[in-house]
Amino acid sequence: MRLGDYIEELEPDEEAERRRLAKEKSYAITDHLERFERNFEQALSGDTLVGSSAPSIFVGRSNYPDISVGVLSPVGDESQAEEYVTDGKWYQQGYAIDDVLQRRTGLLNSSKRANVDSPGIASRLAPSVQDVWDGFVGVQREVAIADRPVDLEIGLDGTPDLGLDAGTDVATPRGPRATARSADLTENPHVPRPVKKTLEDDDWQAQGAMTYLYRRGFDVYEINSILSAGALGEAAQRRLVPTRWSITAVDDTIGQYLRGRIKNAPSIDEVQVWANEYMGNRYWVILAPGTWEFELVEMKSPGSIWNPDPAGNVWMASAAEGYEGRSSYVEETAGAYYAARLGVLEHLESIGRQATCLVLREVSDDYWAPVGVWQVRESVRNAFDGECGTAETFHDAVSTVTQRLPVSLDRLRRKSTLAAGLQSNLSEFK
Amino acid sequence: MFKAIVSAATLTSALDSVSVLVDECKIHLEEEGLSIRAVDPANVGMVDLTLDAAAFESYEADGGLIGVDLSRLEDIAGMAESGQLIQLELDEETRKLHIQIDGLEYTLALIDPDSIRQEPDIPDLDLPARVVLEGKDVNRSVKAADMVSDHIALGVNDAEEFFYVNAEGDTDDVHLELTQDDLIDLQVGPAHSLFSLDYLKDMNKAIPGDTEVTLDLGEEFPIKLYFGFAEGQGQVTYMLAPRIQSD
């Protein structure tokens, strides 16, 4: 489809409607918080949460390496525990920002402080998390490697901080937290075979083990949880990894694997533009014939999170890599870079092609609360559904798309390496 | 057969100018000197290096070809102080390179040359403009551009006869003009091309500050950048494909 027609068809009548609904819905969160508070009181027996079910874990990053390690459990909604796990299903089910916040604030984080190297007293002699299966950290690790929610009992210490102050419409409601004294499994967790394999093989480097799990059909969400619990990699290297770091580590590692798979693949043969919009974020993915090159440019509207001044300028960030990738962590765009790159690489690998790729992310003021980097990953992954727009040249595509962006072509060129110029190669000049 | 003695400084300069683009390379051991030609995996930057037999204290070769891991060889050369001599000898039977620095002996396993990326053909480019300047001016241009951007435009103003460097960043710009007087030589012609600073920065690292560097430029065409080292007995030519601004 010609790019002009493609963009016409995107005309956002229904989007405007969705945005309006999203705005109205944001007040529903207050009711939700009150309901949670009631559930919580009911579930508490003395200082113990009984009949709890934990679908996932959280490892904090503040005060590293003495970090907080937690199990996340929906209180009063145990039978639906699976639904509380952040993954691609949230996108498929069309979760809005509110739905995500309801899930997040509905998960109690019962945590304990631990050292990333030697969380248990017994393991202090051999500082690695590798053999820790007892105590709170052990239970937490069981939850991480299991492929379904694990039933347990959590002993709480002191009064939980429900953190349920939804009084302002600016602050993001965070999930309630409690300090845990202990945790005990009340069932035998189910661990899939490939995970057992990576767990048991303690000579296997983390990157290889992650790639193996991915090839065996595990999505990055599951791998992330396993890495976070220090349940793969060479024995002496195993650590508890803060959730936030491990998300990016997995996106980056799997991305590198996929990039290797397309390095010698033929190029796509036309300039394609794919668009997607989700939760007040619009994505344009421009693919052009050529060798692998990737750039993410983010434009955050005034009034959106991270750029709260409604009268300010559009805030821009970008990061790029060439054919051989980058040697340094991205300074701008951070985790979103690796998440978007993964989405694009999965598409290219599935069609067995390489391409030069520019992803433009426009964050509107409808994006009022941060939901996490999964939103970027899923939006880009799913941008390749249906038809795409085609253009004669990469620069034609960029200038056409720029008419829809909140920044001028000149400003985009200054920020974006790819928009400024596409890398040619020497064989084109013979 | 290959047997040579060379100063550490000369060997290091030669290796550094290749290793900025590739990790492994083939070295041709010709009677009149050694030569290396390599292109980076993206086929964007290329190096062509020759080091004449006269640059060595002693040199004997009869046309062999070896493959080396550059970082290993650089590490070994780095063990020598700059005034010291390095002795190299190829053991044809074991396909290993014996390296001696003072009393230190190192045996380096070579790489099968067939497993190394094919050497590139040198594009035959007709570039209309030529700029000859000192290495330190190249360094200054690259450094200034790097403060604001990750790419750099190099061009020649045909009418007013000057060479210029442009870099446009997020908010800041860098512009540098060098006239006939600032340069060693200038042959004007229509020239303006954009280059990735990632590559130019690496190439710049290999350029001695006090050497004479020649830049051949065209419009949205590769740059050919060359300079001598080892008192003129070595020659490095880089070619770098541009970033295309229009289609």
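Visitor: What counts as a salt bridge here?
Guide: A side-chain nitrogen of Lys or Arg within 4 Å of a carboxyl oxygen of Asp or Glu. Keep in mind that this is a predicted model.

Visitor: OK. How do the side chains of D147(A) and R148(A) meet?
Guide: In a salt bridge, 3.5 Å from N to O.

Visitor: Are those two buried, exposed or partly exposed?
Guide: D147(A) is partly exposed, at 31% relative accessibility. R148(A) is partly exposed too, at 44%.

Visitor: How many salt bridges over all chains?
Guide: The structure holds 26.

Visitor: Which residue does R361(A) pair with?
Guide: E298(A), with N and O 2.6 Å apart. R361(A) sits in strand β12 and E298(A) in strand β10. They are 63 residues apart, so the bridge links distant parts of the chain.

Visitor: Buried or exposed, R361(A) and E298(A)?
Guide: Both are buried.

Visitor: Now chain B. What does D137(B) form with R140(B)?
Guide: A salt bridge, with the closest N and O atoms 3.9 Å apart.

Visitor: Where are they in helix α3?
Guide: Three residues apart, so about one helical turn separates D137(B) and R140(B). D137(B) counts as buried because its relative accessibility is 10%, and the cut-off for buried is under 20%. R140(B) is partly exposed at 48%.

Visitor: Which residues do shared partners join into one network?
Guide: D219(A), E346(A), E378(A) and R381(A).

Visitor: New topic. What does UniProt place at residues 321-429 of chain A?
Guide: An unreviewed entry there gives the domain "Archaeal Nre C-terminal". The span is 42% helix and 13% strand. Its end C-alpha atoms lie 23 Å apart.

How values were computed
Residues are numbered from 1 along each chain as its sequence is written. Chains are lettered from A and ligands numbered from 1 in the order in which they are written. This is a predicted model: local features need pLDDT of at least 70, side-chain atom pairs count only at pLDDT 80 or more; totals for chains, interfaces and linings use all residues. Side-chain values use heavy atoms; hydrogens and water are left out. UniProt positions are given in the numbering used here, feature names are shortened, and annotations may be inferred rather than shown by experiment. Helices (H or I, at least four residues) and strands (E, at least two) are DSSP runs, numbered from the N terminus. Buried means under 20% relative accessible area, exposed over 50%, partly exposed in between (1.4 Å probe, protein chains only).
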